[in-house]
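Dear colleague,

I am handing over the structure we spoke about, with its sequence, and my notes follow below it. Please read them with the model open beside you.

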Amino acid sequence: MKILVVSDTHGRSENLRDAIHIEKPDMIYHLGDGQGVEDNLWMMSEAPAECVCGNCDWGGSLPNELVLEAGNHHILITHGHYYGVSYGYDKIAEAAKAKGCDIALYGHTHVPTIDHYQDLIIANPGSIAFPRQESREHTYMTILVDNSGELTMELHSLEEYDRTHGN
């Protein structure tokens, strides 16, 4: 099973469509600040989607966080702004552990990362709309779940795809 993880699309669906086309996911996790894009995911992909609310998603009915199962793992998905992720992982780690999760996925910072922190994996797919890391590449994450229920997480960029495919 392949899960596409995106965040901070801020209403821009073109790059999200590209990531869906490239990865052909079985499931999509959107970590907030979709600003309406998440409402149209069903038109971009047949894959089911789990979406949470970000700090720029005003007036929506999305939850602030969800706990999901993928293989042998429990994953907290959240935008991260309520947990102060711009200042460190302590609060999100505490929340993930309290909810029985071993992985926490967040957005908000627009900076891609996969970190190990206090026996957790804490990861951010970055942004495919407005990247803030030094390279300014438009990033997303994939999670592959193997037959034994173990996960492999990888960060990707649209620019990387273009470089390796001659676009």
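I begin with two side chains: Tyr 89 is buried, and Tyr 106 is buried as well. Please bear in mind throughout that this is a predicted model, and that the values I quote were computed from it.

The rings of Tyr 89 and Tyr 117 have centres 5.5 Å apart and planes at 75°, and because an angle over 60 degrees counts as edge-to-face, that is how this pair is classed. Since Tyr 89 lies in the loop between β5 and α3 whereas Tyr 117 belongs to strand β7, the pair ties together parts of the chain that are 28 residues apart in sequence. As for burial, Tyr 89 has a relative accessibility of 16% and therefore counts as buried, while Tyr 117, with a relative accessible area of 24%, is partly exposed.

A search of the whole structure finds two aromatic pairs. The other one is formed by Tyr 89 and Tyr 106, whose ring centres are 6.0 Å apart and whose planes meet at 65°, so this pair too is edge-to-face. It links distant parts of the chain, 17 residues apart, with Tyr 89 in the loop between β5 (73-78) and α3 (90-98) and Tyr 106 in the loop between β6 (103-105) and β7. Through these ring pairs, Tyr 89, Tyr 106 and Tyr 117 are linked into a cluster.

Strand β7, which carries Tyr 117, also takes part in a hairpin with β8. The two strands, residues 113-117 and residues 120-124, pair in the antiparallel sense over five bridges, and within this pairing Thr 113 stands opposite Asn 124 of β8. Two residues lie between the strands of the hairpin, and Gln 118 takes a positive phi near 50° there.

A separate part of the model to look at is an open sheet of five strands, arranged in the order β3-β2-β1-β9-β10 with mixed pairing. Its edges are β3 (49-51) and β10 (151-157), and because each of these has a single partner strand, one side of each is left without a neighbour in the sheet. Neighbouring strands of the sheet are turned against each other by 20° on average, with direction ignored. Within the sheet, strand β1 (residues 2-6) and strand β9 (residues 139-145) run antiparallel and are joined by four bridges, with Val 5 standing opposite Met 141 in β9. Helix α1 (residues 14-23) packs on this sheet, where it touches β1, β2 (27-30), β9 and β10, and the direction of the helix makes about 165° with that of β1.

Finally, some values for the chain as a whole. The protein chain has four helices and 10 strands, which follow one another along the sequence in the pattern β-α-β-α-β-β-β-α-β-β-β-β-β-α. A compact globule of 167 residues would have a radius of gyration near 15 Å, and the protein chain agrees with this, having 15 Å. Of its 167 residues, 51% count as buried. Among contacts between residues at least 6 apart in sequence, 49% join residues at least 24 apart. The chain exposes about 8,200 Å², of which carbon and sulfur atoms supply 47%.

Key. Residues are numbered from 1 along each chain as its sequence is written. This is a predicted model: local features need pLDDT of at least 70, side-chain atom pairs count only at pLDDT 80 or more; totals for chains, interfaces and linings use all residues. Side-chain values use heavy atoms; hydrogens and water are left out. Two strands pair if DSSP finds at least two bridges between them. Rings of Phe, Tyr and Trp (its six-membered ring) pair if their centres lie within 6.5 Å; planes under 30 degrees apart count as stacked, over 60 as edge-to-face and the rest as tilted. Buried means under 20% relative accessible area, exposed over 50%, partly exposed in between (1.4 Å probe, protein chains only). Axes are lines fitted to C-alpha atoms, for helices over the stretch in contact, and angles run from 0 to 180 degrees between N-to-C directions. Contact means heavy atoms within 4.5 Å. The radius of gyration is taken over C-alpha atoms; the globule rule is 2.2 Å times the number of residues to the power 0.38. Accessible areas come from the Shrake-Rupley method with a 1.4 Å probe; for residues, only the protein chains shown count as cover.
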